[in-house]
There are 8 protein chains.
Amino acid sequence: MIVEIAETLIGHGAAEVLITRLPAEPAKSISARFAFHRYHPSARTLRVASRAIAAPAEGGVYGPVAVVTAGSTDRPVAAEAAETLAWMGVQVMQMDDIGVAGPQRLLSRLDDLRQCQVAVVAAGMEGALPSVLAGHVPYPVIAVPTSVGYGAALGGLTPLLTMLTSCASNVAVVNIDAGFKGGYLAGLIARKHVQS
Amino acid sequence: MIVEIAETLIGHGAAEVLITRLPAEPAKSISARFAFHRYHPSARTLRVASRAIAAPAEGGVYGPVAVVTAGSTDRPVAAEAAETLAWMGVQVMQMDDIGVAGPQRLLSRLDDLRQCQVAVVAAGMEGALPSVLAGHVPYPVIAVPTSVGYGAALGGLTPLLTMLTSCASNVAVVNIDAGFKGGYLAGLIARKHVQS
Amino acid sequence: MIVEIAETLIGHGAAEVLITRLPAEPAKSISARFAFHRYHPSARTLRVASRAIAAPAEGGVYGPVAVVTAGSTDRPVAAEAAETLAWMGVQVMQMDDIGVAGPQRLLSRLDDLRQCQVAVVAAGMEGALPSVLAGHVPYPVIAVPTSVGYGAALGGLTPLLTMLTSCASNVAVVNIDAGFKGGYLAGLIARKHVQS
Amino acid sequence: MIVEIAETLIGHGAAEVLITRLPAEPAKSISARFAFHRYHPSARTLRVASRAIAAPAEGGVYGPVAVVTAGSTDRPVAAEAAETLAWMGVQVMQMDDIGVAGPQRLLSRLDDLRQCQVAVVAAGMEGALPSVLAGHVPYPVIAVPTSVGYGAALGGLTPLLTMLTSCASNVAVVNIDAGFKGGYLAGLIARKHVQS
Amino acid sequence: MIVEIAETLIGHGAAEVLITRLPAEPAKSISARFAFHRYHPSARTLRVASRAIAAPAEGGVYGPVAVVTAGSTDRPVAAEAAETLAWMGVQVMQMDDIGVAGPQRLLSRLDDLRQCQVAVVAAGMEGALPSVLAGHVPYPVIAVPTSVGYGAALGGLTPLLTMLTSCASNVAVVNIDAGFKGGYLAGLIARKHVQS
Amino acid sequence: MIVEIAETLIGHGAAEVLITRLPAEPAKSISARFAFHRYHPSARTLRVASRAIAAPAEGGVYGPVAVVTAGSTDRPVAAEAAETLAWMGVQVMQMDDIGVAGPQRLLSRLDDLRQCQVAVVAAGMEGALPSVLAGHVPYPVIAVPTSVGYGAALGGLTPLLTMLTSCASNVAVVNIDAGFKGGYLAGLIARKHVQS
Amino acid sequence: MIVEIAETLIGHGAAEVLITRLPAEPAKSISARFAFHRYHPSARTLRVASRAIAAPAEGGVYGPVAVVTAGSTDRPVAAEAAETLAWMGVQVMQMDDIGVAGPQRLLSRLDDLRQCQVAVVAAGMEGALPSVLAGHVPYPVIAVPTSVGYGAALGGLTPLLTMLTSCASNVAVVNIDAGFKGGYLAGLIARKHVQS
Amino acid sequence: MIVEIAETLIGHGAAEVLITRLPAEPAKSISARFAFHRYHPSARTLRVASRAIAAPAEGGVYGPVAVVTAGSTDRPVAAEAAETLAWMGVQVMQMDDIGVAGPQRLLSRLDDLRQCQVAVVAAGMEGALPSVLAGHVPYPVIAVPTSVGYGAALGGLTPLLTMLTSCASNVAVVNIDAGFKGGYLAGLIARKHVQS
């Protein structure tokens with residue numbers, strides 16, 4: 001059924017269709033039906049199209065949007081956001097593993113961060129990175145708590161609460177592991193800029 | 001001390017200074033020190049300036065941004081968002097009491113809503129309005145849960161959770177009763193548009 | 001043992017027996033013992049009888065009762081409610097996937113909804129549909145939260161809380177995933193009407 | 001403003017208007033404006049009308065509906081439900097302090113309970129009464145948890161959870177202390193009967 | 001290692017040794033080492049001894065103690081309590097499935113209950129049975145919440161809270177699924193009686 | 001009304017009546033009506049009788065029962081338990097402020113503790129005392145969590161959970177601040193002993 | 001009684017006595033009894049002695065220990081820690097309002113922080129400062145969550161959880177608002193150093 | 001990749017590298033690459049080095065630090081702490097199964113405990129041991145809650161809360177099951193002592 005919906009959408013003029021939360025096995029058989037396809041195994045996103053598909057870092061007429069992770073276990077959620085942004089035509093600047101445990105890593109990326117228009121930050125455990133990053137940039141930061149971690153991380157509830165109570169005024173929050181929603185909101189914001 | 005900070009900021013060129021969570025009594029004595037001032041008693045915001053101060057609905061070179069309440073008890077939080085937006089130079093289109101209990105009220109405002117670029121929605125109790133409204137508009141909706149309500153509303157935690165789990169992709173959430181943060185984020189987004 | 005209870009009940013004059021939360025395997029062997037049987041694989045309900053068994057949409061001397069889902073993942077819970085209502089002799093009008101993310105879908109079913117006497121609404125994630133639907137109809141809405149969803153949906157606790165705090169006065173709530181209880185309560189209410 | 005709304009409603013033909021959660025002081029001054037009025041001080045409900053107002057036990061063309069309390073501290077919530085039912089034209093059969101700690105009290109009222117068509121049960125602390133009562137009657141029981149109690153009663157969350165997990169199939173639940181909603185739902189159900 | 005501890009204990013004069021939470025497989029091999037043994041598969045208790053072992057209902061110089069379940073899914077926890085009591089030399093009067101959903105079942109067992117000196121009551125879901133039973137007997141009731149149930153039963157937290165807030169003064173509570181502790185406490189109390 | 005109930009009970013032969021949770025002011029006027037009375041200001045219990053009233057430590061034909069506090073802020077709850085025991089004719093051995101922070105204090109009271117038949121232990125904050133004490137005595141320990149403390153004590157929920165998860169098998173738990181219930185259960189158990 | 005305990009302690013050779021959580025009124029009358037005294041009104045600590053009392057920043061033979069706040073509302077908790085350290089003879093280096101919202105403030109204090117041996121960090125709302133600070137220093141950081149904040153800060157539970165899940169390995173946590181405990185632990189650690 | 005990082009670290013002069021949370025299978029293949037290695041199967045720690053590796057009890061130029069468990073199920077967490085301390089060059093004094101249920105076991109180890117400089121205490125269920133132990137020693141106790149246990153232990157949240165609310169002033173807490181962090185903090189503290 002997903003195949004048919006995707007084919008119909010493309011038949012009706014959609015340049016590219018994004019399917020989220022798709023395991024590798026069905027992704028394979030669906031991909032076979034389309035001229036162009038891109039499956040991201042940890043993000044579990046499939047993009048299918050009748051024309052070439054850009055990787056997040058490659059192209060995009062909007063952006064750039066920073067997609068940031070605190071640690072390597074947050075990467076699948078960030079990858080879902082990045083693929084969503086690429087599907088929306090937004091260029092992604094990815095920055096990995098710059099969490100607060102190693103403060104130099106964030107400081108060394110500030111110049112890059114300041115070139116962006118929005119940031120999506122995926123972080124688990126204490127979830128402090130969106131707060132800290134937001135203190136350095138003047139634009140909206142979309143915080144995505146992740147369910148990685150153990151014990152008092154409460155399956156992502158702790159970073160969720162941390163992000164909601166951020167002292168920085170420019171942090172908005174979405175659901176735990178909601179990489180798609182984080183990317184989509186950042187994309188909506190970024191797409192306004194290019195009209196300038 | 002607030003007086004001195006405000007005077008210093010204006011002395012250094014700030015057009016207008018916003019003070020939040022300020023009770024009526026100190027607001028009165030602070031106001032006396034500035035040529036122009038505007039205190040909103042339920043929002044508990046004070047704006048002071050050396051030039052005329054615009055009401056949220058009046059002026060603003062950016063926007064408009066919709067500031068929406070589900071019920072009348074959500075108005076103080078919405079007013080804080082509206083004053084914040086006005087302070088940022090963003091025009092506000094206010095829509096009150098259009099919660100889901102009376103569905104015609106929302107439907108009758110759809111034309112107005114579609115003219116806006118962002119929406120800030122304050123809602124307590126079940127907090128369903130941001131989800132419903134977001135299904136009708138193509139732009140980011142900043143959801144602000146309010147602590148009004150009783151029993152299972154859990155002091156605002158229930159609308160907070162409702163908003164975070166919204167099936168609509170364009171809903172981002174801030175802390176309970178965080179009218180300033182809701183308005184500030186909406187303002188950051190809206191100020192990009194006018195540059196077009 | 002279930003077989004014997006069912007046989008005894010039918011032997012004592014029960015027209016039809018309903019068994020809930022029954023996996024497919026035992027359902028098969030139990031079915032073989034009865035002249036008429038109807039197993040619903042996702043609802044995991046088995047109805048056995050010594051006379052023909054009506055599908056929810058087909059017959060029933062009472063009703064109709066609306067059985068509504070917000071999204072496709074809520075369908076198994078709704079199906080349990082629908083089979084329960086059919087077993088009680090109540091006609092079911094099923095409406096699927098009319099959640100708040102696509103507001104037109106609910107609006108297009110309002111005429112059908114207004115013909116019903118009660119509604120059972122199964123919804124997960126933010127669980128806003130019962131509130132919204134209840135604003136359009138003058139009769140009791142039995143809200144059934146479902147455990148689908150992730151993160152802040154808290155295994156169904158979030159839609160449960162949303163439904164309990166509904167601003168609409170005509171919403172009552174049952175336990176998470178309690179399709180049988182939702183259907184049974186709606187059936188009790190609907191069976192009073194036919195006496196008119 | 002409440003006065004004007006009430007006057008307008010009655011001017012447009014409403015037989016009687018119900019105002020809930022109203023303190024004694026404003027109730028007094030509002031009452032003075034209407035020919036007939038009835039204020040219940042613990043329920044904090046005011047009913048105003050241009051014709052005589054019936055007490056819950058007195059009249060009503062529908063019902064009877066049982067309004068039951070587990071203990072004396074639950075009475076204000078039950079009274080709100082009873083006044084709501086009376087306002088809807090439903091006769092109320094009130095039964096107080098028949099909670100599970102004294103099992104004979106419930107058993108002695110079973111004959112009365114069996115004459116009713118619906119029951120509204122207000123209970124705090126362990127909130128077991130709706131479950132127990134529902135085992136004795138064949139009709140819907142609307143359970144209203146109350147916030148009385150201390151410690152592990154968690155401000156009403158414990159009876160709320162108890163009622164939601166009731167093993168009886170005929171129990172539906174509303175918000176903590178939601179006497180109006182409990183009464184209103186019971187009234188909606190009861191008003192169908194009289195049409196027979 | 002368990003084998004050695006048990007052998008040592010019996011070698012040092014223990015009449016009988018109780019091992020709890022033991023799966024069937026190791027129970028088999030341990031049993032082979034002792035002249036007398038009794039394994040209860042759902043309670044997962046093993047009793048080993050150098051003399052004959054009494055079933056809970058059979059013997060015991062103390063008691064009787066009532067061991068009661070609300071529903072059939074609570075039986076494993078009750079069985080653990082019963083085996084513990086038998087191991088302590090206390091006679092058990094077992095009463096199954098007398099939960100509040102079918103009130104006649106409890107009422108029909110009151111005469112038996114009144115012959116006991118203590119009761120252990122295992123109940124899940126709403127956990128109302130200990131409260132109701134305690135209203136009928138003058139002795140301590142040890143309430144054991146069980147983790148059976150779904151949704152708002154919260155893995156046993158809901159019956160735990162219900163039991164703690166019981167309006168009956170003679171109800172004490174132990175941990176979720178703590179059949180051993182429930183039985184042990186009841187046994188300690190019952191063993192005082194026989195000295196009379 | 002309390003006066004009348006108490007007078008009626010004593011008129012019908014009750015030796016002594018216990019009233020709990022009674023503020024000082026009404027206690028004064030009620031006391032005036034009885035020949036003998038004893039009000040405990042921090043326990044807020046009033047005992048009235050037509051004959052002399054024993055203090056907890058003084059008399060009692062049953063017991064002794066240990067009534068123990070971890071810290072001085074737990075004393076009001078313990079006093080309620082002690083007065084309840086005295087009213088039941090049980091002698092009380094009170095031991096104050098022997099919490100785990102000063103381990104010598106508990107060790108110095110072990111001889112006294114071993115003379116008792118049951119213990120009621122009131123403790124707030126981490127609530128560890130019942131567990132520790134129960135390791136030293138062979139009889140039932142009734143643990144009463146108190147709501148004293150701050151922060152992570154969660155109004156008594158933390159000691160409640162600590163006590164429920166005690167590794168000692170002889171600990172049963174009652175509601176937060178439930179001094180009466182703790183004393184009553186201990187009294188029920190102690191009154192069996194004297195029959196020996 | 002506090003006066004007598006303090007006098008006894010000093011009579012027995014204590015150089016200085018620390019009393020915590022003491023309101024201003026009793027502090028005044030107690031102070032009058034001692035040759036030297038120091039009351040901190042927001043920390044609500046009183047130190048009394050028979051010799052001169054050092055302010056936290058002044059003296060101390062151990063340390064220095066950093067006492068840090070994220071925002072100005074965290075100062076009373078930090079002051080309680082600082083007074084405790086001074087009472088233990090540890091020098092305090094106080095750094096206020098260097099929370100993550102203004103990242104330059106922390107960076108500008110790194111040289112001072114690196115001279116310390118331990119840090120006590122008081123932070124409310126998202127509580128991210130201990131994590132961030134701990135990434136810059138090689139010594140133990142004692143994190144004290146504060147109950148300031150609103151909404152999702154949950155009275156201090158959110159910073160508590162944030163601090164517990166810190167990705168930095170050198171962060172240990174104490175109870176909400178536990179300034180004394182934070183200072184005391186830091187003092188215990190610091191007093192080992194001076195022996196070098 | 002872990003192999004390469006470890007080889008690089010050792011190549012750059014690290015005496016020994018610690019890898020945590022490593023399953024047995026990869027540990028085997030990584031070990032093969034190093035001259036010296038030590039894998040602890042229940043702690044799931046691997047230490048690799050180019051020189052001999054000391055067991056926790058064996059060597060270390062700092063310490064000793066006590067590593068204590070309440071029960072045998074807490075041992076894997078304690079082992080992670082012990083291996084961490086050994087890796088830091090700190091000698092470990094391990095004491096197992098001295099929880100509060102058997103108070104003599106702790107008392108018999110007090111002499112050993114008093115020789116240590118810090119203690120790491122791993123405990124699940126009610127988590128009372130750190131409080132009790134801290135009352136006997138004058139140094140910092142690092143409490144590590146474990147997720148062993150069932151029911152009201154809430155996956156480790158209950159011992160976490162118990163430890164945070166400890167009445168002893170010398171208890172600091174880390175995350176559930178955080179053996180590494182507990183050991184690391186204790187090591188940081190112990191390493192200061194040797195400089196004396």
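Reply:

**The sheet of chain D**

In chain D, three strands form an open, antiparallel sheet in the order β1-β3-β2. Strands here are DSSP runs of E with at least two residues, helices are runs of H or I with at least four, and both are numbered from the N terminus. Two strands pair if DSSP finds at least two bridges between them. β1 (16-19) and β2 (36-40) of chain D are the edge strands, each with a single partner, so one side of each has no neighbour in the sheet. On average, neighbouring strands of this sheet are turned by 10 degrees against each other, direction ignored. Axes are lines fitted to C-alpha atoms, for helices over the stretch in contact, and angles run from 0 to 180 degrees between N-to-C directions.

The model is predicted: local features need pLDDT of at least 70 and side-chain atom pairs count only at pLDDT 80 or more, while totals for chains, interfaces and linings use all residues. Residues are numbered from 1 along each chain as its sequence is written, chains are lettered from A and ligands numbered from 1 in the order in which they are written, and side-chain values use heavy atoms, with hydrogens and water left out.

Strand β3 (residues 45-49) of chain D pairs with β1(D) in the antiparallel sense over four bridges. In this pairing, Leu18(D) stands opposite Arg47(D) of β3(D). Strands of a sheet pair through backbone hydrogen bonds, either parallel or antiparallel. Helix α1 (residues 2-11) of chain D lies across β1 and β3 of chain D and runs at about 155 degrees to β1(D); contact means heavy atoms within 4.5 Å.

Chain F also has an open sheet of three strands, ordered β1-β3-β2 with antiparallel pairing. Its edge strands, β1 (16-19) and β2 (36-40) of chain F, each pair on one side only. From one strand to the next, the twist averages 10 degrees. Four bridges join β1(F) to strand β3 (residues 45-49) of chain F in the antiparallel sense, and Val17(F) stands opposite Val48(F) in β3(F). Helix α1 (residues 2-11) of chain F packs on this sheet, touching β1 and β3 of chain F, and its direction makes about 155 degrees with that of β1(F).
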